[in-house]
Amino acid sequence: MPATLQPKIILRGGDHEHVLGIAGEYAGVHLGYETMRLQDIFVAMLETRCFEVCEFSLANYIVLRTSGQHWLTAIPVFPFRAFRHGGVITRRDSKLTDLAELAGKRVGVEDYSMTAAVWFRGLLQQEYGVDHRSITWVSYAKQRLPLPRDATVELTSNDLEDTLLNGGIDAMLAFTVKDARLPPPQRRLRTLLADPQAVELDYYRRTAIYPINHCVVIRNDALARIPTLAATVNEAYVSAKARAYQRQLGATLMPWGKLHWTRTFEIFDGDPLPYGLTPQNRRVVERLAQDLHEQGFISALPDIESLFIHP
């Protein structure tokens, strides 16, 4: 095929260090990579199906597939994971010091169906004995997916961080907060847990779960047009991650960064972001599916194998 006629696919995803080298030519397919705010990608994909390939919410994907929507298919590439213990923010003057104390409280989440919130509600139930139905979840009025019937959700148009500062909620699950940009003496918010990293490390050592938040999805019409696309995209992500590991991206900017890199890789057996439907990844995806089922998003547990195309 002449170079000018080679298929061109633009991948949309987050600004992660391990995807910086994705753009290039693979087996006759030219891949580009455009970074976007992840929540914008998810909403655009749900509303208009506008991207042929993109990073996507794993929880939202499982809900779509189990509801009979088969216009997109995931490959077992998981570009973003995160523990959620350290993402719980409260006021500096709050008396809350343990996640178990959130029972009966008001907690803010950006979107009720987002993967982070699903993982967090499951964590509260399994690790702290807190039924998510005992909490009033305060979330933005525009939701990605319909709310489960028994969800206790209060919708708002007010900024959640401002609501927390004003006492309208007791805590919030946050990715970033404006308060963190202030000089330390002026900050009014803190993590609910005093040492969330220690709690997260203990959780991983006990459960072997490093929560997967995002997968990579491909629209089925693009798969039909370019039969090799799944393998091509998979190769691009795998190659880019390998190069990032080799260069130790993320370990070069901070004092003791290389030592922290080495210790972290030892904890995760050499690969903090494993791709593929490995036994460990399967276990994590199964746990998320169980949480979705328990929280009323899906009526039955899916066959994990059928969720993914295997390049």
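Visitor: How many bridges join strand β8 to β9, and do the strands run parallel or antiparallel?

Guide: In this predicted model, strand β8, which covers residues 136-140, is joined to β9 by four bridges. The two strands run parallel.

Visitor: And which residue in β9 is the bridge partner of Y140?

Guide: The partner of Y140 is T156.

Visitor: What is the order of the strands in the open sheet?

Guide: The order is β9-β8-β7-β10-β6-β11, which makes an open sheet of six strands. The pairing within the sheet is mixed.

Visitor: Which strands stand at the edges, and why is one side of each left without a neighbour?

Guide: The edge strands are β9 (153-156) and β11 (189-191). Each has a single partner strand, so one of its sides has no neighbour in the sheet.

Visitor: What does the twist average from one strand to the next?

Guide: The average twist is 30° between one strand and the next.

Visitor: Let us change topic. How many residues has helix α7, and what does it reach from its first C-alpha to its last?

Guide: Helix α7 spans residues 229-247 and has 19 residues. From the first C-alpha to the last it reaches 27 Å, close to the 27 Å expected at 1.5 Å a residue.

Visitor: Which residues of α7 are buried?

Guide: The buried residues include the alanines A230, A236, A240 and A244, and the tyrosines Y237 and Y245. Also among them are L229, T232, V233, N234 and K241.

Visitor: What follows α7?

Guide: Residue Q248 comes after α7, and its phi is positive, near 55°.

Visitor: Which residues line the largest cavity?

Guide: Its lining consists of F83, R84, H85, W119, G122, L123, Q126, Y203, P211 and D291. Helix α3 (residues 115-128) gives the largest share of that lining, four residues. By class, the lining of the largest cavity has five nonpolar, three polar and two charged residues.

Visitor: And which residues line the second largest cavity?

Guide: The second largest cavity is lined by R81, Y204, Y210, F268, D271, P272, P274 and Q280. This lining divides into five nonpolar residues, one polar and two charged.

How values were computed. Residues are numbered from 1 along each chain as its sequence is written. This is a predicted model: local features need pLDDT of at least 70, side-chain atom pairs count only at pLDDT 80 or more; totals for chains, interfaces and linings use all residues. Side-chain values use heavy atoms; hydrogens and water are left out. Two strands pair if DSSP finds at least two bridges between them. Axes are lines fitted to C-alpha atoms, for helices over the stretch in contact, and angles run from 0 to 180 degrees between N-to-C directions. The expected span of a helix is 1.5 Å times one less than its number of residues. Buried means under 20% relative accessible area, exposed over 50%, partly exposed in between (1.4 Å probe, protein chains only). On a 1 Å grid over the protein atoms alone, a cavity is a set of points where a 1.4 Å probe fits but cannot get out, and a pocket is an open set with protein on both sides within 12 Å along at least five of seven lines; lining residues have an atom within 4 Å of a point. Ala, Val, Leu, Ile, Met, Phe, Trp, Tyr, Cys and Pro count as nonpolar, Asp, Glu, Lys and Arg as charged, and the others, Gly among them, as polar.
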